[in-house]
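Please read these notes with the model open beside you.

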Amino acid sequence: MRMLTISALGLPALLLAACSAEQEPETEAQAINLHAMMKDGINPDALALWDISNAAIDDRGGIDASAMNDESWAALAEKARRLAADASELADAEAIMAAPPGVMIEEEDEPGASSAADVQGFIDADLEDFKGMAQALAVHTGDLAAAAEAQDAERAGLLVSQLDAVCESCHLKYWYPQDELPPGYPHPDEILGRD
Ligand code: HEC
């Protein structure tokens with residue numbers, strides 16, 4: 001399993017609960033380790049997916065069906081399904097842990113970059129939209145998996161070409177909101193269907 005689950009209540013709350021008689025702690029929210037999911041799940045799967053589609057890219061940036069075969073379509077579908085499963089897990093999470101204590105996130109040591117604590121603050125400030133953007137990724141990659149299973153090069157090519165924007169819009173809001181939206185990228189509200 002790639003994810004680590006912790007009790008969001010933390011140790012002090014558990015100790016307190018243990019001292020205050022038989023009562024169980026109310027609900028033990030399972031916090032998903034976002035950092036591990038990005039680094040060990042979503043990113044490698046997305047890179048593997050782009051490797052497959054880049055090997056079959058046509059001159060319009062779509063997928064050239066003649067460069068695909070049953071095996072590469074199945075591999076594309078499988079990567080997309082895995083992304084959809086991870087994204088759904090984020091969308092359904094009761095709590096998100098940006099990174100485990102002491103773990104540095106990518107570029108954290110660079111000037112002006114966000115720390116894991118900053119990211120936690122951005123997520124906690126608007127968990128619902130975070131989950132909405134994870135849901136957008138789940139839907140997008142679920143559609144892509146279906147298109148790959150149907151070997152629909154037109155639709156799969158379009159969805160692959162839009163995938164990076166779905167990743168980046170969430171990164172812009174929850175990882176580096178201090179940055180500007182790069183030209184050509186949809187605003188996070190657009191990804192959330194609020195344009
Ligand atoms: C729902 C929001 C969301 C979506 C969608 C999302 N990410 Fe992330 N991602 C984050 C946040 C927040 C961080 C910062 C925390 C971190 O670096 O671990 C992050 C970090 C990362 C990192 C850096 C991990 C590290 O070592 O610190 C990579 C690489 C990454 N994402 C890739 C992707 C890719 C590729 C996609 C799309 C297929 C994607 N992400 C979609 C929220 C998202």
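The numbered points below take each topic in turn.

1. Basis. This is a predicted model; local features need pLDDT of at least 70, side-chain atom pairs count only at pLDDT 80 or more, and totals for chains, interfaces and linings use all residues. Residues are numbered from 1 along each chain as its sequence is written.

2. Fold. The protein has seven helices and three strands. These are DSSP runs, numbered from the N terminus: helices are H or I with at least four residues, strands E with at least two. Their order along the sequence is β-α-β-α-α-β-α-α-α-α.

3. Burial and contacts. Of the 195 residues, 30% count as buried. Buried means 20 or more other C-beta atoms within 10 Å of the residue's own; exposed means 12 or fewer, and partly exposed lies in between, with C-beta atoms placed from the backbone. Among contacts between residues at least 6 apart in sequence, 67% join residues at least 24 apart. A contact needs C-beta atoms, placed from the backbone, within 7 Å.

4. Ligand shell. There are 25 residues around the ligand, each with its C-beta atom, placed from the backbone, within 6 Å of it. His-35, Ile-105, Glu-106, Cys-167 and Cys-170 come nearest. Helices H2 (34-54), H3 (70-91), H5 (127-149) and H6 (153-174) each give two or more residues. H2 gives the largest share, seven residues. By class, the shell has 20 nonpolar, three polar and two charged residues. Nonpolar here covers Ala, Val, Leu, Ile, Met, Phe, Trp, Tyr, Cys and Pro; charged covers Asp, Glu, Lys and Arg; the others, Gly among them, are polar.

5. Helix H2. A kink of about 35° lies at Ile-42, shortly before the proline Pro-44. The angle is between axes fitted to the seven residues ending there and the seven starting there. Ile-42 is also one of the buried residues of H2, which include Leu-34, Asp-45 and Ser-53. Their cover includes strand S2 (30-33), H3, strand S3 (95-97) and H6.

6. Asn-54. Asp-64 is 10 residues away in sequence and 9.8 Å away in space, C-alpha to C-alpha.

7. Core. The largest nonpolar core has 47 residues. Such a core is a set of buried Ala, Val, Leu, Ile, Met, Phe, Trp, Tyr and Cys residues joined through C-beta atoms within 7 Å. Ile-32, Leu-76 and Leu-144 are among those with the most contacts inside it. H5 gives the largest share, 10 residues.

Conventions: Two residues are in contact if their C-beta atoms, placed from the backbone, lie within 7 Å.
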